[in-house]
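Hello,

Here is the structure you asked about. Please open it first, then read my notes beside it.

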Amino acid sequence: MSNFPFGFGLPDDPDDGDSGKKKDGQGGGELPGGDPLSAMFGSLGAGGQMSPQDLGAAFQQLGQLLSYEGGPVNWELAQNVARQTVAQGAADGSKDASVGRHEREQVEEAMRLADLWLDGVTALPSGAGTAVAWSRAEWIEATLPVWKELVDPVAERVGAAMSDVLPEEMRAMAGPLLGMMRSMGGAMFGTQIGQAVGMLAGEVVGSTDIGLPLAPAGKAALLPVNVASFGEGLGVPQDEVRLYLALREAAHQRLFAHVPWLRSHLFGAVDGYARGIQVDTDKLEGLVGQLDPSRPEELQEKLQQGLFQPEDTPQQKAALARLETALALVEGWVDAVVHAAAEPHLPAASALRETLRRRRATGGPAEQTFATLIGLELRPRRLRDAARLWASLTDARGVSGREALWAHPDLLPTAEDLADPDGFVHREQPDFSELDRMLGEATESPRPEAGGRETGGSATGDGETGGREKRDGGEDDGGETGAGNGGGRPA
């Protein structure tokens, strides 16, 4: 778990110890940080004074913030902050730019070739109907709906936990104040999410870097400006870099398009994390009365000090372990499949593979974003273990046997299996053929109904559901479990 779960801290730039500070002096010098008021009052004119026009605009924005009556996150503000972050430039100094026709053609050609190479190493067909080249700003616009789906459950639970602190009669008396606090909370969450997504837009090379499908279904995307930044200093031709990254994007698209339960499994783990959020109400009850309603910035100060930091509950540990294992399996499968497709064609395939692994290990976009948004830090060791397991499965069972494990979550390796890939690969799998035959005969055999009529019987999957529920409850003391991934399959 990170020190500041979702909504309680800003993502740090690994190359800049001063979080939230801009390397570029343009546009006000600092990005709106943990306090949305700084977005309005932080840009002063000469001598530290604001012009009447600027002051009026700032108060107008403040009025809009306080009148916000939407969900737990002010997404309009998040979108504006994210775009402002992108406009200021990425950490490496690169600026966003519109994508030209030549760049779009390069991306489309790379995706076509990537799909052709992947056809020879996976049984899953192409999952992308279109290939697009996005600017950083376009990436924000296209992925924001998915961020909303991911973040809202967590933010809503945090807000509910905090509002539960006040007794009912006090809530009735403090109605206007609570409304203002909710509006400011939505603005603060929106500011933090906007900055996190904006920073991520300066790093990602496609729509699946964090292991989740952020783009609309069937749309494979690359960001040419970020692809170019990624390839700088590697000593690898840009065409080769682009093609390798296109292979990764196309492989993710195949998996999410043809494993229908995978997306809901991953997002359900995030929702399970949200349901487990608990706030130290005793601590809040003692301190909530100390907040000065005339100083909205005091709430942000308390947030940054961890005043409202959720407790780490067993339910959260189980959900995060389930999410971590699933993400490791997704990333490991992509890593293994892409390497198999690229190695015969790209001289730098192994070097690019290792570069991407190290990028993840040193705190790449996935770790930074998840640690900031939902408190999850992906463990790079799981990625390597998962890639080794998928490669071993390919050798032992072939491509079709490997892909067959994606038929149901109960068939997938668990966290314990990642630690012992050879044991999983050579373990005898249950043979359900006899059971399938008996169920088929039961379905075909007529049976009498009340009133003398006969009709075909039916078989349900209740046993499978029960096994799934049992698996979701499993956890060991270390939190590195395959909760939701292991209890239903015979050892």
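**What I found**

The protein chain has 20 helices and 4 strands. Keep in mind that this is a predicted model. The chain runs to 491 residues, and 48% of them count as buried. It exposes about 22300 Å², of which carbon and sulfur atoms supply 51%. Now take the contacts with a separation of 6 or more: residues 24 or more positions apart account for 79% of them.

**The core**

Start inside. The largest nonpolar core has 95 residues. Trp139, Trp147 and Trp406 have the most contacts within it. Helix H13, residues 314–342, gives the most to this core, with 15 residues. In soluble globular proteins, nonpolar side chains tend to be buried together.

Click on tryptophan 139 next. Leave aside its neighbours within four places in sequence. Its contacts then include Trp134, Trp147, Val197, Leu200 and Leu223. Gly206 and Ser207 are also among them.

**One end of H13**

Proline 314 lies in helix H13. Is proline 314 buried or exposed? It is exposed, because its relative accessible area is 58% and the cut-off for exposed is over 50%. Its C-alpha atom and that of isoleucine 277 are separated by 9.9 Å.

H9 has 21 residues. From its first C-alpha to its last it reaches 30 Å, close to the 30 Å expected at 1.5 Å a residue. The helix is mostly covered, with 17 of its 21 residues buried.

Glutamate 240 lies in this helix, which spans residues 238–258. Glutamate 240 is buried yet has no salt bridge. How far away is the nearest side chain of opposite charge? That side chain is arginine 242, and it is 11 Å away. What does glutamate 240 touch, leaving aside neighbours within four places in sequence? It is in contact with Leu346, Pro347, Ala348, Ala349 and Leu352.

**Salt bridges**

The count comes to 18 salt bridges.

- Glutamate 105 and arginine 101 meet in a salt bridge at 3.9 Å, N to O. They are 4 residues apart in helix H4 (residues 101–118), so about one helical turn separates them. Glutamate 105 is partly exposed, at 41% relative accessibility. Arginine 101 is exposed, at 68% relative accessible area.
- Arginine 384 forms a salt bridge with glutamate 354, and the closest N and O atoms are 2.9 Å apart. This pair links distant parts of the chain, 30 residues apart. Arginine 384 sits in helix H16 (residues 380–403), and glutamate 354 sits in helix H14 (residues 349–361). Both count as partly exposed: arginine 384 has a relative accessible area of 33%, and glutamate 354 has 25%.
- Aspartate 385 forms a salt bridge with arginine 388, with the closest N and O atoms 2.7 Å apart. They are 3 residues apart in helix H16, so about one helical turn lies between them. Aspartate 385 is buried, with a relative accessible area of 8%. Arginine 388 is partly exposed, at 44% relative accessibility.
- Asp115, Asp119 and Arg254 are linked in a network of salt bridges.

**Where to begin**

Find glutamate 240 in H9 first. Then go to aspartate 385. Both are buried, but aspartate 385 has a salt bridge and glutamate 240 has none.

Best wishes

Conventions:
Residues are numbered from 1 along each chain as its sequence is written. This is a predicted model: local features need pLDDT of at least 70, side-chain atom pairs count only at pLDDT 80 or more; totals for chains, interfaces and linings use all residues. Side-chain values use heavy atoms; hydrogens and water are left out. Helices (H or I, at least four residues) and strands (E, at least two) are DSSP runs, numbered from the N terminus. Buried means under 20% relative accessible area, exposed over 50%, partly exposed in between (1.4 Å probe, protein chains only). Lys and Arg count as positive and Asp and Glu as negative; His and the chain ends are not counted. A salt bridge is a side-chain nitrogen of Lys or Arg within 4 Å of a carboxyl oxygen of Asp or Glu. Contact means heavy atoms within 4.5 Å. A nonpolar core is a set of buried Ala, Val, Leu, Ile, Met, Phe, Trp, Tyr and Cys residues joined through side-chain atoms within 4.5 Å. The expected span of a helix is 1.5 Å times one less than its number of residues. Accessible areas come from the Shrake-Rupley method with a 1.4 Å probe; for residues, only the protein chains shown count as cover.
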